[in-house]
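I opened my notebook to look a few things up in this structure and jot down what I found. Here are my entries, in the order I made them.

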Amino acid sequence: MTFDYYKIIVGDNMDLLDKYNNNDNLDPMILNELVGQRIRDLRLELNLSQEGFAEKVGLHRTYIGQIEREEKNITLKNIHKICYALKIDPKELFDFKDIV
């Protein structure tokens with residue numbers, strides 16, 4: 001992955017990634033960590049368990065847990081499902097201001 005790829009995905013939040021890595025060769029796991037944490041935070045704001053959220057999204061609860069623990073790479077299809085269940089625009093999922 002290149003720096004430009006992360007810039008497209010993360011946009012104005014790119015400076016937040018400096019906490020994790022100070023060069024242009026960012027580790028893809030950083031994005032998994034941030035997205036997993038963001039999903040967890042948004043799920044908890046709705047007072048949903050992983051099981052309840054998984055049911056709402058239409059995914060297995062273990063998959064939700066694996067995403068939140070950054071053990072799985074999330075697909076665009078599943079990002080769409082998760083954002084739809086959270087009633088957020090996908091770009092909001094990549095708003096990491098409150099995480100870092």
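**Entry 1: Arg69 and its partner.** I looked up Arg69 and got a relative accessible area of 44%, so Arg69 is partly exposed. I'm working from a predicted model here, not an experimental one. Arg69 forms a salt bridge with Glu71, and the closest N and O atoms are 3.1 Å apart. Glu71 has a relative accessible area of 51%, which is over the 50% cut-off, so I wrote Glu71 down as exposed.

**Entry 2: the other salt bridges.** How many salt bridges are there by this rule? The count comes to three. One of them joins Lys97 to Asp95, with the closest N and O atoms 3.6 Å apart. I checked both ends of that pair. Lys97 counts as exposed because its relative accessibility is 53%. Asp95 has a relative accessible area of 24%, so I put Asp95 down as partly exposed.

Then I looked at the pair Glu68 and Arg43, whose side chains meet in a salt bridge at 2.7 Å, N to O. This pair links distant parts of the chain: Glu68 sits in helix H4, Arg43 in helix H2, and they are 25 residues apart. Are these two buried or exposed? Glu68 has 10% relative accessibility, so Glu68 counts as buried. Arg43 is buried too, with a relative accessible area of 6%.

**Entry 3: around H4.** Next I listed buried residues in H4: Tyr63, Ile64, Gly65, Ile67 and Glu68. After H4 comes Glu70, and its phi is positive, near 55 degrees. I noted that because most residues other than glycine have a negative phi. Glu70 is not a glycine, yet it has the positive value. Where is Glu70 found? I traced it to the loop between H4 and helix H5 (76–86). Glu70 has 29% relative accessibility, so it counts as partly exposed.

I also found a positive phi, about 60 degrees, at Lys87, which is not a glycine either. Lys87 belongs to the loop between H5 and helix H6 (90–93). With a relative accessible area of 71%, Lys87 is exposed.

**Entry 4: Asn32.** I found Asn32 in helix H2. Its relative accessible area is 14%, so Asn32 is buried. What does Asn32 touch, leaving aside neighbours within four places in sequence? I got Ile67, Glu70, Lys72 and Asn73. I looked at Ile67 in particular: Asn32 and Ile67 are 35 residues apart in sequence, but their C-alpha atoms are 7.6 Å apart in space.

**Entry 5: how H3 packs.** Two packed helices are described by the angle between their axes and the distance between the axes. I looked up both values for two pairs.

- H3 (residues 50–57) and H4 (residues 61–68): the axes come within 8 Å and cross at roughly 110 degrees. The range for roughly perpendicular is 65 to 115 degrees, and H3 and H4 are therefore roughly perpendicular to each other. H3 brings Gln50, Glu51, Phe53 and Ala54 to the contact, and H4 brings Arg61, Ile64, Gly65 and Glu68. By class I have three nonpolar, two polar and three charged residues in the contact of H3 with H4.
- H3 and H5: these axes come within 9 Å and cross at roughly 105 degrees. That makes H3 roughly perpendicular to H5. Phe53, Lys56 and Val57 of H3 meet Lys81, Ile82, Ala85 and Leu86 of H5. In the contact of H3 with H5, I have five nonpolar, no polar and two charged residues.

**Entry 6: the core.** Which residues touch the most other members of the largest nonpolar core? The core has 23 residues, and my list reads Val35, Ile39, Phe53, Ile74, Ile82, Leu93 and Phe94. I then asked where core residues come from. Helix H2 (28–45), H3, H4 and H5 each supply at least two. H2 gives the most, with six residues.

I followed Ile39 from that list. Not counting residues up to four places away in sequence, Ile39 touches Phe53, Ile67, Glu68, Ile74, Ile82 and Leu93.

Terms used:
Residues numbered from 1 in each chain as written. Predicted model: local features only at pLDDT ≥ 70, side-chain atom pairs only at ≥ 80, totals over all residues. Heavy atoms only, no water. Axes fitted to C-alpha atoms, helices over the stretch in contact; angles between N-to-C directions. Helix = DSSP H or I, 4+ residues; strand = E, 2+ residues; numbered from the N terminus. Parallel < 35°, antiparallel > 145°, perpendicular 65-115°, else oblique. Contact = heavy atoms within 4.5 Å. Nonpolar A, V, L, I, M, F, W, Y, C, P; charged D, E, K, R; others polar. Buried < 20%, exposed > 50% of the residue type's maximum accessible area, 1.4 Å probe, protein only. Core = buried A, V, L, I, M, F, W, Y, C linked by side-chain atoms within 4.5 Å. Salt bridge = Lys/Arg side-chain N within 4 Å of Asp/Glu carboxyl O.
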